[in-house]
Amino acid sequence: MGKKKKKKIRPLALCVFRRGDKIFVAEGHDPAKNQTFYRPIGGGIEFGERAAETVAREVMEEINAEVADLVYIGTLENIFTYESNPGHEICLMFDGRFVDETLNADDYSVIGEDDGEVLFTATWKPLSFFRAGNAPLYPDGLLNLLDDISSN
């Protein structure tokens with residue numbers, strides 16, 4: 001009998017790019033649930049790397065864009081199932097902006113890639129789209145976190 005692989009909690013750093021009532025998010029799809037969902041871009045924190053460095057590196061790797069004015073806004077815990085596999089993430093959330101202003105156009109869309117593999121399409125979506133329940137926004141609690149920040 002093979003040794004059971006221990007499940008790990010993944011530390012992530014994600015960036016919320018906001019413009020008025022819109023946020024820039026990657027679209028994902030879970031075929032097991034037949035569900036489309038969205039989440040801010042970013043990725044796994046590497047050993048010895050600060051979370052803000054992770055955001056800058058991942059955004060550059062995935063969509064070839066530079067980020068600026070990164071501000072830590074909170075931590076969210078995400079426990080989920082994706083493609084029928086359980087997942088657990090601790091997400092350090094940042095607010096930031098794109099250095100290239102043309103990325104702020106409403107119709108801007110980009111294919112996110114890593115090592116030539118297409119990972120996602122990212123676009124600007126209104127927060128009302130998520131509030132109306134059209135699709136989940138991950139990590140869990142992100143809408144509440146953004147609402148708390150906006151009201152302060």
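A residue counts as partly exposed when its relative accessible area falls between the buried range, under 20%, and the exposed range, over 50%. Lys22, at 24% relative accessibility, is therefore partly exposed. The model described here is predicted.

Eleven salt bridges are found in a search of the whole structure. One of them involves Lys22, which pairs with Asp106. The closest N and O atoms of Lys22 and Asp106 are 3.5 Å apart. Lys22 belongs to strand β2, residues 22–30. Asp106 sits in the loop between β6 and β7 (109–114). The pair therefore ties together parts of the chain that are 84 residues apart in sequence. Asp106 is also partly exposed, with a relative accessible area of 46%.

A salt bridge also joins the side chains of Arg18 and Asp95, with an N to O distance of 3.1 Å. This pair, too, links distant parts of the chain. Arg18 lies in strand β1 and Asp95 in strand β6 (residues 85–98), 77 residues apart. The two partners fall into separate accessibility classes. Arg18 is partly exposed, at 28% relative accessible area. Asp95 is buried, at 19%.

Arg57 and Glu58 form a further side-chain salt bridge, again 3.1 Å from N to O. Both residues are buried: Arg57 has a relative accessible area of 18%, and Glu58 has one of 8%. Salt bridges with shared partners join Glu46, Glu49, Arg57, Glu58 and Glu61 into one network. Arg57 is part of helix α1. Beyond its neighbours within four places in sequence, Arg57 is in contact with Gly44, Glu46 and Glu49. Of these contacts, Glu46 and Glu49 also belong to the salt-bridge network.

Helix α1 spans residues 51–63 and includes Ala51. Ala51 is buried, because its relative accessibility of 12% is under the 20% cut-off. Residues up to four places away in sequence aside, Ala51 touches Ala13, Ile45, Leu92 and Phe94. Tyr38 is 13 residues from Ala51 in sequence. In space, the C-alpha atoms of Ala51 and Tyr38 are 21 Å apart.

Charge also gathers on the surface. Lys5, Lys6, Lys7 and Lys8 form a patch of positive charge there. Lys5 is located in the segment before β1, which covers residues 10–19. With a relative accessible area of 74%, Lys5 is exposed.

Backbone geometry was examined next. Asn64 has a positive phi of about 55°, although it is not a glycine. Asn64 is placed in the loop between α1 and β5 (67–82). Its side of the record is an exposed one: the relative accessible area of Asn64 is 63%. Glu83 likewise is not a glycine, yet has a positive phi, of about 50°. The loop between β5 and β6 holds Glu83. Glu83 is partly exposed, with a relative accessible area of 40%.

A cis peptide bond joins Tyr138 and Pro139, with omega at about 0°. Pro139 lies in the loop between α2 (127–131) and α3 (142–151).

Conventions: Residues are numbered from 1 along each chain as its sequence is written. This is a predicted model: local features need pLDDT of at least 70, side-chain atom pairs count only at pLDDT 80 or more; totals for chains, interfaces and linings use all residues. Side-chain values use heavy atoms; hydrogens and water are left out. Patches are made of residues with over 30% relative accessible area and no salt bridge: like charges are joined within 9 Å, nonpolar side chains (Val, Leu, Ile, Met, Phe, Trp, Tyr) within 5 Å. Accessible areas come from the Shrake-Rupley method with a 1.4 Å probe; for residues, only the protein chains shown count as cover. A salt bridge is a side-chain nitrogen of Lys or Arg within 4 Å of a carboxyl oxygen of Asp or Glu. Lys and Arg count as positive and Asp and Glu as negative; His and the chain ends are not counted. The place of a charge is taken as NZ of Lys, CZ of Arg, CG of Asp or CD of Glu. Helices (H or I, at least four residues) and strands (E, at least two) are DSSP runs, numbered from the N terminus. Buried means under 20% relative accessible area, exposed over 50%, partly exposed in between (1.4 Å probe, protein chains only). Contact means heavy atoms within 4.5 Å.
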